[in-house]
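Biologist: Could you walk me through the charged pairs in this one? I'm new to this, so please take it slowly.
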Amino acid sequence: MELVSENLGKRYGDLWAVRGINLHCGPGLLGLVGPNGAGKTTLLRMVATLLPPTEGRVSWNGHDAQTQGEA
C-alpha cells in the first residue's frame, strides 16, 4: 500500500489553504498533527477525493485518486 501526494494544494480565492504538500506514505500508522487552521482537514478531504485540489495530485497504489477514486 502506498499513498503519494505531489505538490498538492487548495486555494480559495486569493488564499492558499494548503500548498506544496509532498507525501510518500507506506504501510503503517501515520499521525497528522498541527494547530487549528493549519490545513489538516483540507488535506484529508483532498486525499479522500471529497475536495478537488487546485494543484497537484494524489495517488493510491499508483492510481490517480481523482480519476480512480470510486475504485
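Modeller: Gladly, and please keep in mind that this is a predicted model.

Biologist: Which side chain does E6 meet in a salt bridge?
Modeller: The side chain of E6 meets that of R57, with a distance of 3.1 Å from N to O. R57 sits in strand β3, which covers residues 55-60, while E6 sits in strand β1, residues 3-12, and the pair links distant parts of the chain, 51 residues apart.

Biologist: And R57 itself, buried or exposed, or in between?
Modeller: R57 is partly exposed, with a relative accessibility of 32%.

Biologist: What else does R57 form a salt bridge with?
Modeller: D64 also pairs with R57, and their closest N and O atoms are 3.8 Å apart. Through shared partners, the salt bridges join E6, R57 and D64 into one network. D64 has a relative accessibility of 24%, so D64 counts as partly exposed.

Biologist: Changing topic, how many salt bridges does the structure hold?
Modeller: The structure holds three, and one of them is between R19 and E55, whose closest N and O atoms are 3.9 Å apart. Because R19 lies in strand β2 (residues 15-25) and E55 in strand β3, this pair ties together parts that are 36 residues apart in sequence.

Biologist: How exposed is R19, and what about E55?
Modeller: R19 counts as exposed because its relative accessibility of 52% is over the 50% cut-off, whereas E55 is partly exposed, with a relative accessible area of 22%.

Key. Residues numbered from 1 in each chain as written. Predicted model: local features only at pLDDT ≥ 70, side-chain atom pairs only at ≥ 80, totals over all residues. Heavy atoms only, no water. Salt bridge = Lys/Arg side-chain N within 4 Å of Asp/Glu carboxyl O. Helix = DSSP H or I, 4+ residues; strand = E, 2+ residues; numbered from the N terminus. Buried < 20%, exposed > 50% of the residue type's maximum accessible area, 1.4 Å probe, protein only.
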